[in-house]
Amino acid sequence: MTEAPRSSDTLGNPASAQSLPAGNGDILRWSLTDDGAGTTVSLAGELDVTTLPDAGMAVELASVRGIPITVNCAGLWFADAAALRFLRGARDRARSAGSDLVLANPQGIVRKALELTDSLALVATCGAAGDCV
């Protein structure tokens, strides 16, 4: 796997934006945005067993500061069972560290997968207006 060059944001945080090719040739793109009160991990593309290492890197970078993490799923068009386990595990690890992780804007098949596996009950889901259920 070829890794894109790393960058840092104005706060000096490493890898504020990253695009990494997945092993199956599909691309999962991710970016981090930190507003001081929380970090948003924006994911776009396919979140599956082959792209989990890349998503894990993004969530790990976001969790360093110990502030709440929002995973913006608006750009995801696919998530498999491994992805759902990963998201629940990331939420559990964040809570164990005294923080939290919520999903924002899951759509289409990603939202349906969350519904079918009762993951909407396990991972708080926020709409575009920030309302969490």
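Leaving out residues up to four places away in sequence, D80 touches L47, D48 and V49, where contact means heavy atoms within 4.5 Å. The model is predicted, so local features need pLDDT of at least 70 and side-chain atom pairs count only at pLDDT 80 or more, while totals for chains, interfaces and linings use all residues. Residues are numbered from 1 along each chain as its sequence is written, and side-chain values use heavy atoms, with hydrogens and water left out.

**Overall layout**
- The protein chain has four helices and six strands, which are DSSP runs (helices H or I of at least four residues, strands E of at least two) numbered from the N terminus.
- From the N terminus on, these elements follow the order β-β-β-α-β-α-β-α-α-β.

- D80 sits in the loop between β4 (69-79) and α2 (81-96).
- D80 is buried yet has no salt bridge, and R85, the nearest side chain of opposite charge, is 6.5 Å away; buried means under 20% relative accessible area with a 1.4 Å probe, counting protein chains only, and a salt bridge needs a side-chain nitrogen of Lys or Arg within 4 Å of a carboxyl oxygen of Asp or Glu.
- A polar atom of the D80 side chain lies 3.1 Å from the backbone nitrogen of V49.

**The largest nonpolar core**
- This core (buried Ala, Val, Leu, Ile, Met, Phe, Trp, Tyr and Cys residues joined through side-chain atoms within 4.5 Å) has 29 residues, and V41 and L47 are among those that touch the most other members.
- α2 gives the most to this core, with seven residues.
- Beyond its neighbours within four places in sequence, V41 has contacts that include A58, V59 and V71.

Notes: Buried < 20%, exposed > 50% of the residue type's maximum accessible area, 1.4 Å probe, protein only. Lys, Arg positive; Asp, Glu negative; His and termini not counted. Polar contact = N/O pair within 3.5 Å; in protein donor to acceptor, adjacent residues only side chain to side chain.
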